[in-house]
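Work through the exercises below with the sequence and the 3D structure at hand. Each task is followed by a stepwise solution.

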Amino acid sequence: MSSADSGSGEATTHDNHTENVGLRRGLTARHIRFMALGSAIGTGLFMGSSESIQTAGPSVLLAYIIGGAAVFMVMRALGEMLVRHPVSGSFGQFASSYLHPFAGFLVGWTFVFEMVLVAVFDATAVGVYMGFWFPGVLRWIWVLAVVLFIAAINMIGVKVFGELEFWFALIKIVAIIALIAAGVAIIIFGFGIADHDQMGPRALFDHGGAFPHGFWGLLSSFTIVMFAFGGIEIIGVTAGEAQNPKKVLPAAINSVPVRILLFYVLTLGVIMCILPWNQITSEISPFVAIFDSVGFSAAAAILQVVLITAALSAINADIFGAGRMLHGLAEQGQAPRSFAHTTRNGVPVMTVITMIVALLVGVLLNYLYPDQALFLLGALATFATVLVWLVILAAHIRMKRVLVQENRLRSEFPMPLWPVGSWATVAFIGFVIVMVGIVPDSRPALWVGLLWVAALWLAYVAFVRGEGRRPYQLIDHTEPLRAGRHNASTD
């Protein structure tokens, strides 16, 4: 027998543990969709897209399309496992059950650390943004205020958290939509702007063509583009608190990756139709650059508001996701048991406190050793994103084999194009890892990542005992399909 038990119905005590113990299902489909959008659409779009544009030119749009398709396949693999096993530890517990306990330990702690790193960057960024209006206030004061604010939100309760995250994410999404609409209007009507006749789709081909750096430029851009989608897997850790997860999670998974892809492709496409790609530099956000190019003097102030909101939204989602993953690691015996305890409001208080402390330490290190900290933490964050996706795919492939071997019920939310789609996505992510090692600027990420894996292996051998060394026992919540098909899914 596999470590994932058959059966359906509510989560019950099994092998001395209870699934999602203490958590409350207060997240609606609206909350989950915007939480994933909030985590994945942040400084990577508003500030980091300049580098990807410089690397590939207009062909970066193709890179985002291909990368978005791969991320969608990863999310569908995760979705099939989530509907069958809606647990708070998500892919950490899936990896422990279907692959090996160390795989769960590795991916769980890697995801937690990835979320901390991203949150540290965003918290530090808020201090920089606030300096636009209050240059005389020390940056650490703003950073501390942000940390305390986010801590308070995460302590209130999951429903309040989800509602606030919804409004945070909505602000920046509306800003992106407004930019796209304004950009299209400028391209069509001109409004007396100089060089209007040079704007439009032709601008994508007038400055060295769609592939100004050749096919190699496109390939190299994947090392930047793929990490822009990092954080979307946070949908997985909402499973333990989602209302009606079998309905909510598939809806969120099917819609969010496509929306994120459209936001990136449409936004950058409009920007490059107005401002030639070779005039976009990493020294300034492309959002600022496009407004400046058409004489919109208020662009900087407007952008600061959007950037601060985007950063708060991303930090909020990242702290939530990391805290719930720690809760799941505690359930499977791979983190201190106190992380599984919750308040009367269903908040895993120790995990939130730990994440806030880690965020404060990270910000302190960033302040004291900015060059070293940014290099090491940034390199590890890029590697962590791809590692998490690979483990999700590997666990899904193993689960599909178990379904056949044990004649399980068909999946209620099967992954499309199985098995070709799964293996093609694995091959693509493997290619991205190879490119990370080949491209000189990103090569350190591979070495730092390998050191991280080795460090986690040593920690696993030294500290994990008992239940943490055994595959996590998942409960199968699959119900018979309406057509009455009871055989294992091979779709």
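A contact means heavy atoms within 4.5 Å. The model is predicted, so local features need pLDDT of at least 70 and side-chain atom pairs count only at pLDDT 80 or more, while totals for chains, interfaces and linings use all residues. Residues are numbered from 1 along each chain as its sequence is written, and side-chain values use heavy atoms, with hydrogens and water left out.

**Exercise 1. Characterise the chain as a whole.**

Step 1. Helices (H or I, at least four residues) and strands (E, at least two) are DSSP runs numbered from the N terminus. The chain has 16 helices and 2 strands.

Step 2. Take contacts between residues at least 6 apart in sequence: 84% of them join residues at least 24 apart.

Step 3. Buried means under 20% relative accessible area, exposed over 50%, and partly exposed in between (1.4 Å probe, protein chains only). Of the 491 residues in the chain, 57% are buried.

**Exercise 2. Check the length of helix H9 (residues 214-228) and locate its kink.**

Step 1. The expected span of a helix is 1.5 Å times one less than its number of residues.

Step 2. H9 has a kink of about 40°, centred on Phe222.

Step 3. In H9, 11 of the 15 residues are buried, including Phe222.

**Exercise 3. How do the axes of H9 and helix H15 (residues 420-438) cross, and which residues meet?**

Step 1. Axes are lines fitted to C-alpha atoms, for helices over the stretch in contact, with angles from 0 to 180 degrees between N-to-C directions. The two axes come within 9 Å and cross at roughly 105°. H9 is therefore roughly perpendicular to H15, the class for 65 to 115 degrees (under 35 is roughly parallel, over 145 roughly antiparallel, the rest oblique).

Step 2. Among the H9 residues that meet H15 are Trp216, Phe222 and Met226; on the H15 side, Phe428, Val432 and Met435 are among the partners.

**Exercise 4. Describe the surroundings of Ser52.**

Step 1. Ser52 lies in helix H3 (residues 49-56) and counts as buried because its relative accessibility is 0%.

Step 2. Not counting residues up to four places away in sequence, Ser52 touches Gly57, Val60, Tyr64, Ser221, Ile224 and Val225. Of these, Ser221 and Val225 are buried residues of H9.

How values were computed. The bend at a residue is the angle between axes fitted to the seven residues ending there and the seven starting there.
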